[in-house]
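Subject: Structure for you to look at

Hello,

Below is the structure I said I would pass on. My notes on what was found in it follow directly after.

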Amino acid sequence: QAEDGIRDRSPSRGLGDVYKRQPNASPQVFGDQTDVPESGDWWDSTYLMMWGSNVPVTRTPDAHWMAEVRYRGTKVVTVSPDYADNVKFADEWLPAQAGTDAALAMAMGHVMLKENFVDREVPFFTDYVKQYTDLTMLVTLVDHPDGHGLTAAKFLTAADLVSTGSTGADERPDAAFRTVLWDGATNAPVAPNGTMGDRYNEAGKGNWNLDLGDLQPALSLLDVDAAEQVEIALPCFEDPRGEGTIIRRGVPAVRVGEHLVTTVFDLMLAQYGVGRPGLPGTWASGYDDVQTPYTPAWQAEITSVPAEACIRIAREFAKNSEDSQGRTMIIIGAG
């Protein structure tokens, strides 16, 4: 309601923050109002998933890209609780019960991370995440105030390195926005190019890029000589009533001055339940472990999607991404 009593009926407000037909989170995070990637890019995919997006009905002008790419051999998979219109276009249908598809996604992530980052290393994946994501960045571990033990806190920044006397220390005001990674070449923490501190700092001119130079970011601290194995507490919301529980799993960590840190990648493996030899905590015995989140068998009890289907689609998703150099896409929707 405008101050003068006249309702704002402009299209931008109608789509965004008045009528709520489109989620605000999407443009705030990705810069686009609707699905990412843009619909014309569906034509370039070689494996396409429609997840909670009934494209022929809710994206009718764009639907032809999805239908036509099938003639190029692209496999189409649909995640939908009901036999919606878009299911008719799918080569495979994963009928996850309404409100449970997060469990399916976690189990697929469990399979993909285990088989493509732990059991074997796919250079295309590791090279990509080291340069273009925050998976190598260091996160501090602190004692939880309620006595739950160690929990993940904030990113380690160049400002935090001042007290350590590290070569990456930075006392400029924007240093608190320069995240830090562990450099395997120097075996020390380093603030790389392209972080927020460089973007909004006059002294950062020329550094606002993702060129790693001679840096060799450690994706995991597991192989770092000074690493110790610690157990952390992670939240889990598997109870159908919405009550949270705590899972205890291990991560490799190093000490940087007074800070105990691990990487985002190590935290993600722990969250997805992907175990590695020697780490403490509760881990799944295999994909058929029904009791331990977030295995394919665990999700089957919640979603009704068979564990075998979850495993197969996750493997296809990852293999296509490796073979096509990333031409795998998910059409996401408000569903």
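G244 has a relative accessible area of 49%, so it counts as partly exposed. The residue sits in the loop that runs between β8 and β9. Setting aside neighbours within four places in sequence, G244 is in contact with C236 and F237. Please keep in mind throughout that this is a predicted model.

For orientation, the protein chain holds ten helices and eleven strands. It has 335 residues, and 45% of them count as buried. Taking the contacts between residues at least 6 apart in sequence, 55% join residues at least 24 apart.

The cores

The largest nonpolar core is made of 30 residues. Those with the most contacts inside this core are L135, L141, V230, I232, V251, L260 and Y294. Two or more residues each come from α5 (101-118), β4 (138-143), β8 (228-236), β9 (245-256) and α8 (264-272). Of these, α8 gives the most, with six residues. Another core lies apart from this one; it has 19 residues, including Y47, A96, Y287 and A314.

Which residues does L135 touch, not counting those up to four places away in sequence? They are V129, L219, T263, V264, F265 and M268.

T136 lies in the loop between α6 (123-132) and β4. With a relative accessibility of 0%, T136 counts as buried, because the cut-off for that is under 20%. Again leaving out residues up to four places away in sequence, T136 touches K130, V180, L181, W182, P217, A218, L219 and T263.

Helix α8

How many of the nine residues of α8 are buried? Seven are, and the helix is mostly covered. The buried ones are V264, F265, D266, L267, L269, A270 and Y272. Their cover includes the helix α5 and the strands β4, β5 (150-155), β8, β9 and β10 (259-263). Just after α8 comes G273, with a positive phi of about 75°.

Two helix pairs involve α5, and I take them in turn.

With α10 (residues 307-324), α5 packs at an angle of about 55°, and the axes are 9 Å apart. The two helices are therefore oblique to each other. The crossing of α5 and α10 is right-handed. On the α5 side, the contact is made by L104, A107, M108, V111, M112, E115 and N116. On the α10 side, C310, I311, I313, A314, R315, F317 and A318 take part. Sorted by class, the contact between α5 and α10 has eleven nonpolar residues, one polar residue and two charged residues.

With α9 (296-303), the axis of α5 comes within 9 Å and the two cross at roughly 165°. That angle makes α5 roughly antiparallel to α9, because angles over 145 degrees count that way. This crossing of α5 and α9 is left-handed. The contact is made by A103, L104, A107, H110 and V111 of α5, together with P296, W298, Q299, I302 and T303 of α9. By class, the contact of α5 with α9 has seven nonpolar and three polar residues, and no charged ones.

Backbone points

Where is there a cis peptide bond? One joins P293 and Y294, with omega at about 10°. Y294 is placed in the loop between α8 and α9, and Y294 is also among the residues with the most contacts inside the largest nonpolar core.

Q325 belongs to the loop between α10 and β11 (328-332), and at 49% relative accessibility Q325 counts as partly exposed.

Regards

Methods
Residues numbered from 1 in each chain as written. Predicted model: local features only at pLDDT ≥ 70, side-chain atom pairs only at ≥ 80, totals over all residues. Heavy atoms only, no water. Core = buried A, V, L, I, M, F, W, Y, C linked by side-chain atoms within 4.5 Å. Buried < 20%, exposed > 50% of the residue type's maximum accessible area, 1.4 Å probe, protein only. Helix = DSSP H or I, 4+ residues; strand = E, 2+ residues; numbered from the N terminus. Contact = heavy atoms within 4.5 Å. Axes fitted to C-alpha atoms, helices over the stretch in contact; angles between N-to-C directions. Parallel < 35°, antiparallel > 145°, perpendicular 65-115°, else oblique. Left-handed = near helix turned anticlockwise from the far one by under 90°. Nonpolar A, V, L, I, M, F, W, Y, C, P; charged D, E, K, R; others polar.
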